[in-house]
Amino acid sequence: TGAGAPRASGQRSVDMAQAVHDPPVSVREKGDRIVVVFSVANVKQGSVKIDHEAPGTDAESLAIRFSAVSPSRNFEKHFCLPHAIVPGKVVTDIQSKALTLQALKVDASIAWGSAWLKAKAKGKAKKGAKGA
């Protein structure tokens, strides 16, 4: 048995767990839906996992995990939602250069904006950041 030889199962072994990356993300509102776009190419079909945590409470959040091929990477993003979404009404769409997630708002009359997306980044602005 030489180095790199396949194991009895026919698969190569992975000795180290892959690092989890923070994906580039943008958000917009589309009527009664929130649309979240992850600009990641080559998202692996069937790899998207969504956890809707504490639905119906003030601490409602989404955790999204997915992986990409070529290059092989794992991604994870957690969102603290400013308002409620309908449980079970989150859909995803995988395209060649992006993963799109759409969630149905409980109250379509409330404008969410996009400030909640960056809400966890508290403190001083990064050195050299331009003012808006």
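Figure 1. The structure holds one cavity of 30 Å³ or more, a cavity being a set of points, on a 1 Å grid over the protein atoms alone, where a 1.4 Å probe fits but cannot get out. This is a predicted model, in which local features need pLDDT of at least 70 and side-chain atom pairs count only at pLDDT 80 or more, while totals for chains, interfaces and linings use all residues. Residues are numbered from 1 along each chain as its sequence is written, and side-chain values use heavy atoms, with hydrogens and water left out. At least two lining residues come from each of strands S3 (33-38) and S8 (99-105), strands being DSSP runs of E with at least two residues, numbered from the N terminus.

**Figure 2. The four-stranded open sheet.** Antiparallel pairing joins four strands in the order S2-S3-S8-S7; two strands pair if DSSP finds at least two bridges between them. Strands S2 (25-30) and S7 (85-94) stand at the edges with a single partner strand each, so one side of each is left without a neighbour in the sheet. From one strand to the next, the twist averages 20°, an angle between N-to-C directions of lines fitted to C-alpha atoms, on a scale from 0 to 180 degrees. S7 and S8 are antiparallel and share six bridges.

**Figure 3. Strand S5 and its partners.** In strand S5 (residues 61-68), seven of the eight residues are buried, that is, under 20% relative accessible area with a 1.4 Å probe and protein chains only. Strand S4 (residues 49-53) runs antiparallel to S5 and is joined to S5 by five bridges, with Ile 50 opposite Ile 64 in S5. Eight bridges connect S5 with strand S6 (residues 73-80), also in the antiparallel sense; Arg 65 has Glu 76 in S6 as its bridge partner. Four residues separate S5 and S6 in a hairpin, where Ser 70 in the turn has a positive phi of about 50°.

Definitions and conventions: On a 1 Å grid over the protein atoms alone, a cavity is a set of points where a 1.4 Å probe fits but cannot get out, and a pocket is an open set with protein on both sides within 12 Å along at least five of seven lines; lining residues have an atom within 4 Å of a point. Grid points are joined across faces, edges and corners, and a volume is the space filled by probe spheres set on the points. Buried means under 20% relative accessible area, exposed over 50%, partly exposed in between (1.4 Å probe, protein chains only).
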